[in-house]
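This briefing describes a predicted model. Please read it with the sequence and the 3D view at hand.

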Amino acid sequence: MRMFKVTACVPSQTRIRTQRELQNTYFTKLVPYDNWFQEQQRIMKMGGKIVKVQLATGKPGTNAGLL
């Protein structure tokens with residue numbers, strides 16, 4: 001099964017101390033090849049940026065060190 005290993009940065013939902021202070025959250029997840037467009041749209045709607053995308057092949061979780 002073809003999968004993408006996506007690393008993205010999204011602003012957090014919680015406000016800390018002041019409204020101006022932003023906290024960014026970085027995450028890496030495996031996304032199936034067929035769901036890539038929906039995942040990309042979801043990240044962009046949250047105001048995030050996609051940092052890196054890699055093609056991960058084989059068994060889900062293998063290339064992300066999740067075994």
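The model is predicted. It contains an open sheet of three strands in the order β2-β1-β3, with antiparallel pairing. Helix α1, residues 36-45, packs on this sheet.

**Sheet**

- The edge strands are β2, residues 24-32, and β3, residues 49-56, and each of them pairs on one side only.
- On average, neighbouring strands of the sheet are turned by 15° against each other, with direction ignored.
- Strand β1 covers residues 3-11 and pairs with β2 in the antiparallel sense over nine bridges.
- Within this pairing, F4 stands opposite V31 of β2.
- As a general point, strands of a sheet pair through backbone hydrogen bonds, in either a parallel or an antiparallel sense.

**Helix on the sheet**

- Helix α1 touches β1, β2 and β3.
- The direction of helix α1 makes about 170° with that of β2.

**Residue E39**

- E39 is a residue of helix α1.
- E39 has a relative accessible area of 10%, and it counts as buried because that value is under 20%.
- The side chains of E39 and R42 are joined by a polar contact of 2.7 Å.
- With neighbours within four places in sequence left aside, E39 is in contact with K29 and V31.

Key
Residues numbered from 1 in each chain as written. Predicted model: local features only at pLDDT ≥ 70, side-chain atom pairs only at ≥ 80, totals over all residues. Heavy atoms only, no water. Pairing = 2+ DSSP bridges. Helix = DSSP H or I, 4+ residues; strand = E, 2+ residues; numbered from the N terminus. Axes fitted to C-alpha atoms, helices over the stretch in contact; angles between N-to-C directions. Contact = heavy atoms within 4.5 Å. Buried < 20%, exposed > 50% of the residue type's maximum accessible area, 1.4 Å probe, protein only. Polar contact = N/O pair within 3.5 Å; in protein donor to acceptor, adjacent residues only side chain to side chain.
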